[in-house]
Amino acid sequence: MKQKSEGFQPVGNAILSLRTLEPSTCSRLEHMLSKVPGIVEVNLNHAADVVQVKFDPTKVTGEGIRTIMKKLGNATSH
Amino acid sequence: MSPLKKAKPKSVPKSFRVDESALIAVEKEAAAQQVSSNTLVNQILIQFSEFERFAKKINTVKPSSFVFRGLLDSADSDKIIELAKTAGSSIPQAFVTAKGGRVDIDSLLDHLRTLSLYAHLYEYSENVNSQEQMVTLVHDFGLNWSIFLIHYITAMFEQLGVSPKLEMSDRSVILSLPAR
């Protein structure tokens, strides 16, 4: 297996659906996710109904981000 | 620049005449989503440029998720596997060739990202570290969809002589490739 140089920085990308979230949650999502440690970039795609997230996988995981979004959705619907 | 940061794509000014009804629909949707009409129109055009114009070349249709899941649930697993192998050995290659003119590991992974981004076939996440590239696909379409994806992905990479490590459950598929 090829080994990368010692300076290699792990990269994480996620594409997550916005379809389960209320529009009011979507509008706050970018701000809320960007405050999560390890999340580097958040791009809402309203035409595709998804959010694209770049993250540092040593600090947060795709599943972790999915869980945060689920909690946001639940908090809004209550 | 950090691999986590990417330069913003260049934007250029351009004016078009459009049907008034289309403009009203875009402005209404943009207001509902609390974004500018410019942002929404740009995203619609990117979706066309990155996906729709190639999807029509492979005769893509758009059933509702309810119908899609119902069809998968009612299908025989052996037929699903047969279909996945046939589709996986031709459709991704046709799509990425039309899009970028080359079939390699990166373009096939981009195909998997595109299907998440614009076709909502699963949610996509990937971790790239010094040892491997691990991609997780999460969906709500049941076991037959995981079975389809496993065989579609296997057939897709087989064309390149690449065999990713694959795992699945009834709601996810995980594939791992060695670092390149």
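**The interface between chains A and B**

Analyst: How many residue pairs are in polar contact between chain A and chain B, both at pLDDT 80 or more? A polar contact is a pair of N or O atoms within 3.5 Å; within protein, one must be able to donate a hydrogen and the other to accept it, and residues adjacent in sequence count only if both atoms are side-chain atoms. By that rule the count between the chains is 10.

User: What are the ground rules here?

Analyst: This is a predicted model: local features need pLDDT of at least 70, side-chain atom pairs count only at pLDDT 80 or more, and totals for chains, interfaces and linings use all residues. Residues are numbered from 1 along each chain as its sequence is written, chains are lettered from A and ligands numbered from 1 in the order written, and side-chain values use heavy atoms, with hydrogens and water left out.

User: Which residue of chain A forms a salt bridge with Glu123(B)?

Analyst: A salt bridge puts a side-chain nitrogen of Lys or Arg within 4 Å of a carboxyl oxygen of Asp or Glu. One is counted between the chains. Its closest N and O atoms are 2.7 Å apart, and the partner of Glu123(B) is Arg66(A).

User: Which strand of chain B pairs with β1(A)?

Analyst: Strands are DSSP runs (E, at least two residues), numbered from the N terminus. Two strands pair if DSSP finds at least two bridges between them. Here there are five, in the antiparallel sense. Ile15(A) stands opposite Tyr124(B). The partner strand covers residues 123-128 and is β1 of chain B.

How values were computed: Helix = DSSP H or I, 4+ residues; strand = E, 2+ residues; numbered from the N terminus.
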